[in-house]
Amino acid sequence: MGVKALLSKPLAAYVHKKHQRWIENPVEAQQAVFKHIISKAQETKFGRDHGFASITSHADFVKAVPVRDYEGLSSYFNLVKQGEKDVLWPGKPLYLAKTSGTTSGTKYIPITKDSIPNHINGAKDALLAYVHETGKSQFLDGKMIFLSGSPELEQVAGINTGRLSGIANHHVPGYLRTNQLPAYETNCIEDWETKLDQIVEETIDQNMTLISGIPPWVQMYFDKLIRQTGKSIKDIFPNFQLFVYGGVNFEPYRKKLFESIGKQVDSIELFPASEGFFAYQNKQSDPGLLLLLNAGIFYEFIPAEEYYNDNPTRLTIGEVEPGVNYALIVSSNAGLWSYSIGDTVKFTSVKPYKLIVSGRIKHYISAFGEHVIGEEVEKAMKQAMIKFPEVELIEFTVAPFVSQSDGASYHEWLMEFAKKPVHEAAFAEELDKQLRKLNSYYDDLIAGNILQKLKLTALPKGAFQAYMKSQGKLGGQNKVPRLSNDRKLADGLLNVSKLC
């Protein structure tokens, strides 16, 4: 065992013990964060505009600060981008995280001196939690890769600006730099396919022990390695121990990815975003993600069905219940205030507070009043694939088809398979059956002949990659929306499929 692996164990024990203080006192931890960020931001433009000096409770805060998304705070973000100081947080941000969000186009999210530790320590503590729980630390002595965006930064009003993953790349601890792949120059390649070819060349003969990234892009990396060598990943990287991922639900990708690897490896799910690092999986036996309650972020939770109300209920951590779909709202030491990040979550536990990401608040289908959400279509897919074990899925998305004829509308499931179901009609029937179990409104629409049963459209291999490439969103942190309430994505996929 190498020095890094050896020293990680006492460090992991120390961090675990430190975290128990706020884990065991969650309400107090959140109250301390709330008081601190309100006090520190009193003299900012936002703080003055919203009377922070008079805020002493969450009730005061709710009255003074409405829930907003990126567009709602754009007047303040624009001042930050122009180089003004003391707008949302004292001083100027260290960075602007540039993200092509699925709900707002290009966004520029501030990262401050106070908030950068949250992004860096979250990922580090996730690995240390794994070391503490399992006792496995040998991966720290091997090579590690995170399939990420370019670390090259541009200047916006004197502020370093780039992708979050690129910003984080500049803060990799020195003791891990020698383990990190690919080379900095390779990470800077903008074209994803060119970059991936170079990553394969740099890693194919290395002792890779940790691989991290968004699952569909990791699958592309594995596919290239397998094509080039004719071997499974376990034979290319025999010491590969740990897969770290986030950004999308892993379940639709799990079967094919582990078949590519050729063996089971441990995995850790993370919940990172440009707005903050919110949670990570701290137990291998529990898919729930531990919500970080002392990391400079104050959380509010709006029941998803109330999100578009004029005065939705805004709950704090001590008021949430397991199994309820909540829109996640954050206020933080990055200068975000009652900011809707667009994700929905469900708590799986309140002792400690653990959650899963259930979908996107704007990603749903309700063209006929059914309000089908991402969690439901992914659960339906998971159950159908259990019944049809031959199926290997690459990617899928769902969109409504609205017909002008009564009873002729339906949900279209556009899928790209590595291995198709032997009986596509039976697979589609099972999907529909599972979704009807999960969503009573959808079930009523089918039963009432308002909707036809879903239509499965199998796309040629490479269709999703071709579409993402046509949108300039191939690779990195980009994700295919699981659901759309219109036909834009579906029609785009069908158009590019004609060329595949």
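I worked on a predicted model, where local features need pLDDT of at least 70, side-chain atom pairs count only at pLDDT 80 or more, and totals for chains, interfaces and linings use all residues. I number residues from 1 along each chain as its sequence is written, and side-chain values use heavy atoms, with hydrogens and water left out.

**Aromatic pairs.** I searched the whole structure and got 30 aromatic pairs. The rule I used pairs rings of Phe, Tyr and Trp (its six-membered ring) if their centres lie within 6.5 Å; planes under 30 degrees apart count as stacked, over 60 as edge-to-face and the rest as tilted. Y245 and F250 are both buried (buried means under 20% relative accessible area, exposed over 50%, partly exposed in between, with a 1.4 Å probe and protein chains only). I then looked up F347 and Y353, whose ring centres are 5.9 Å apart with planes at 80°, so that pair is edge-to-face. F347 and Y353 are buried as well.

I also noted one aromatic cluster, formed by F34, F46, F52, F61, Y76, W89, F298 and W337.

**Charge over a ring.** I found the charged end of R482 over the ring of F396, 4.2 Å from the ring centre. The test asks for NZ of Lys or CZ of Arg within 6 Å of the ring centre and within 35 degrees of the ring normal.

**Salt bridges.** I counted 24 salt bridges, each being a side-chain nitrogen of Lys or Arg within 4 Å of a carboxyl oxygen of Asp or Glu. E375 forms one with K346, and their closest N and O atoms are 2.8 Å apart. This pair links distant parts of the chain: E375 is in helix α14 (residues 374–387) and K346 in strand β14 (residues 339–350), 29 residues apart. For the element names, helices (H or I, at least four residues) and strands (E, at least two) are DSSP runs, numbered from the N terminus. E375 is buried at a relative accessible area of 9%, and K346 is buried at 18%.

I found E375 in a salt bridge with K379 too, at 3.6 Å from N to O. K379 and E375 are four residues apart in helix α14, about one helical turn. K379 is partly exposed, with a relative accessible area of 42%.

Next I looked up K387 and E430, whose side chains meet in a salt bridge at 3.4 Å, N to O. K387 lies in helix α14 and E430 in helix α15, so the pair ties together parts that are 43 residues apart in sequence. E430 counts as buried, at 7% relative accessibility. I noted one network in which shared partners join K346, E375 and K379.

I placed K433 in helix α15 (residues 424–438). K433 is partly exposed, with a relative accessible area of 41%. Its C-alpha atom is separated by 9.7 Å from that of L454, 21 residues apart along the chain.

I placed K107 in strand β2 (residues 105–111). K107 is buried, with a relative accessible area of 5%. The C-alpha atoms of K107 and F77 are separated by 9.1 Å, and the two residues are 30 apart along the chain.

I took "domain: GH3 middle" at residues 291–350 from UniProt, where the entry is unreviewed. UniProt positions are given in the numbering used here, feature names are shortened, and annotations may be inferred rather than shown by experiment. In the model, the end C-alpha atoms of residues 291–350 lie 10 Å apart, and the span is 0% helix and 45% strand.

On a 1 Å grid over the protein atoms alone, a pocket is an open set of points where a 1.4 Å probe fits, with protein on both sides within 12 Å along at least five of seven lines; lining residues have an atom within 4 Å of a point. Of the 23 lining residues, P216, M220, I394, E416 and Q465 are the closest to the centre of the second largest pocket. The elements giving two or more residues to this lining are α11 (215–229), α13 (251–261), β18 (392–401), β19 (410–419) and α17 (463–470). I noted α11 as the source of the largest share, seven residues.
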